[in-house]
Amino acid sequence: MSSPAALRALPSVDELTARVEDVEAPRTLLVIEARRVIAHMRAAILEGLDIDPASAEQRLRESLANLSRPSLTRVINATGVILHTNLGRAPLGRFTPVEGYSNLEYDLARGKRGKRDSHVSEALERLTGKPSIAVNNNAAAVLLALNELAGGGEVIVSRGELIEIGDGFRIPGIMSASGATLREVGATNRTHIDDYREAISERTRVLMRVHPCNFRMEGFTAKPRLEEIAALARERGLPFYEDLGSGCIVDLTQFSIEEPLVADSLAAGVNLVSFSGDKLLGGPQAGILSGDAALVARLRRNPLYRALRLDKLVTQALETTLRHLLFEQWELIPALRMIRMSPADIRGRARRIAAKVPGIELIEGKSVAGGGSTPEQSLPTWLIAVPGDAVENERALRAHVPPVIGRIENDRLVLDLRTVFPQDEPDLITTLTQVVA
């Protein structure tokens with residue numbers, strides 16, 4: 001059909017909505033979606049694409065069906081990447097949201113207005129040993145800290161720490177947005193304490209250290225110890241701020257995860273640290289700031305703090321995670337449970353699945369923490385290798401309900417049970433059986 005004929009054959013909005021009267025949807029929504037479908041088809045025809053005008057009804061039904069289903073949905077993460085950025089980073093542990101009203105900003109003991117951060121601040125102080133507040137992610141924490149402590153002044157940072165976290169988030173950019181001016185010191189691979197000392201001027205407001213959590217620099221490198229920078233900051237009457245990023249509260253070295261601990265930085269003399277709630281802490285998306293009482297009090301008074309604060313659902317999820325950390329209930333924090341899982345346990349689970357799905361193979365492999373944490377560090381694991389075309393198998397698993405997300409390695413689709421919840425195994429077995437068959 002020629003373009004003019006195809007355009008003339010497109011139904012009107014009234015005609016198209018009349019064809020889907022059996023769909024349970026408000027008239028207003030039907031009209032909106034009908035207009036969108038017709039507009040998209042018209043644009044495609046004008047571009048020279050072969051569009052069948054008779055497909056308008058089916059397109060409208062599919063559009064309405066997509067709108068009726070939740071976009072955010074559960075997936076089975078079989079990639080072996082524990083803190084998978086695209087899959088929500090740290091998987092949330094079980095918690096039941098408080099329905100109806102809550103004491104979010106109400107002090108029940110005093111019968112007066114309270115502070116919403118009281119639900120997490122006490123647990124954070126027990127874990128870090130310092131007063132703490134939380135905002136909606138670590139980028140927000142960095143923005144708040146720099147705006148309050150260095151707005152209108154300079155922040156001294158080593159050139160080797162001007163990192164990009166991901167999705168365009170760079171330290172120079174966030175510093176500019178905060179109103180602070182970046183003062184670079186040292187070289188990319190080597191920075192000395194005298195570089196910081198010589199850069200301090202009347203405009204200096206903060207000495208800053210940024211942990212390179214998503215890459216590792218080796219070879220001819222050098223940087224001052226935290227204690228050295230802290231001593232210089234005290235000598236010049238300046239705050240020393242460290243962005244730790246990954247937020248490691250628990251020592252994970254015995255599980256092959258080496259990340260600096262928040263408590264160690266504060267013990268070394270760092271005045272303020274910021275870190276993520278949804279990385280190695282194992283909780284929901286949040287940015288946490290811990291440090292000297294006077295500095296944390298300043299941050300709380302900054303107008304940005306209200307703009308960046310947590311909502312009630314994240315507050316409850318974070319409080320639940322922190323409580324598990326306090327009582328060392330590692331099994332109730334999925335990310336930490338996965339990190340602590342032994343290769344033998346994973347192999348046992350994989351063998352049970354292999355016994356039910358003929359044709360799959362077990363091979364040794366590596367899991368990673370992910371989420372911009374622990375670069376070049378991995379955890380030994382066992383993988384399920386799926387026979388057949390890797391690309392087609394990956395697509396088939398991803399199209400299943402619930403979707404199963406694996407990874408292609410050496411032209412084979414492999415699944416890592418380290419990141420698969422035990423309760424997801426029946427769905428995984430069903431999906432694998434269909435794909436392999």
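## Aromatic rings and a charged neighbour

The count of aromatic pairs in this structure comes to zero, with rings taken to pair if their centres lie within 6.5 Å. The model is a predicted one.

One ring does have a charge placed over it: the charged end of Arg-347 sits above the ring of Trp-382, at 4.1 Å from the ring centre.

## Helices α3 and α4

Two packed helices are described by the angle between their axes and the distance between the axes. For helix α3 (residues 27-46) and helix α4 (residues 56-68), the axes come within 10 Å and cross at roughly 125°. Angles of 65 to 115 degrees count as roughly perpendicular and those over 145 as roughly antiparallel, so α3 is oblique to α4. The crossing of these two helices is right-handed.

On the α3 side, the contact is made by Leu-29, Leu-30, Glu-33, Ala-34, Val-37 and Met-41. Helix α4 contributes Ala-56, Arg-59, Leu-60, Ser-63, Leu-64 and Leu-67. By class, the residues of this contact are nine nonpolar, one polar and two charged.

## Helices α5 and α13

Helix α5 (residues 118-128) meets helix α13 (residues 312-326), with axes that come within 9 Å and cross at roughly 30°. Angles under 35 degrees count as roughly parallel, and therefore α5 is roughly parallel to α13. The crossing of α5 with α13 is left-handed.

From α5, the residues in contact are His-119, Val-120, Ala-123, Leu-124, Arg-126 and Leu-127. Their partners on α13 are Thr-315, Leu-318, Glu-319, Leu-322, Leu-325 and Leu-326. The contact of α5 with α13 divides into eight nonpolar, two polar and two charged residues.

## Backbone exceptions

Most residues other than glycine have a negative phi, and most peptide bonds are trans. Two places in the backbone are described here against that background.

The peptide bond from Val-401 to Pro-402 is cis, its omega being near 0°. Pro-402 belongs to the loop between α16 (390-398) and β15 (404-405). Ser-256 is not a glycine, yet its phi is positive, at about 70°. This serine, Ser-256, is located in the loop between β10 (240-245) and α10 (262-267).

Key:
Residues are numbered from 1 along each chain as its sequence is written. This is a predicted model: local features need pLDDT of at least 70, side-chain atom pairs count only at pLDDT 80 or more; totals for chains, interfaces and linings use all residues. Side-chain values use heavy atoms; hydrogens and water are left out. Axes are lines fitted to C-alpha atoms, for helices over the stretch in contact, and angles run from 0 to 180 degrees between N-to-C directions. Helices (H or I, at least four residues) and strands (E, at least two) are DSSP runs, numbered from the N terminus. A crossing is left-handed if the near helix is turned anticlockwise from the far one by less than a right angle, and right-handed if clockwise. Contact means heavy atoms within 4.5 Å. Ala, Val, Leu, Ile, Met, Phe, Trp, Tyr, Cys and Pro count as nonpolar, Asp, Glu, Lys and Arg as charged, and the others, Gly among them, as polar. Rings of Phe, Tyr and Trp (its six-membered ring) pair if their centres lie within 6.5 Å; planes under 30 degrees apart count as stacked, over 60 as edge-to-face and the rest as tilted. A charge sits over a ring if NZ of Lys or CZ of Arg is within 6 Å of the ring centre and within 35 degrees of the ring normal.
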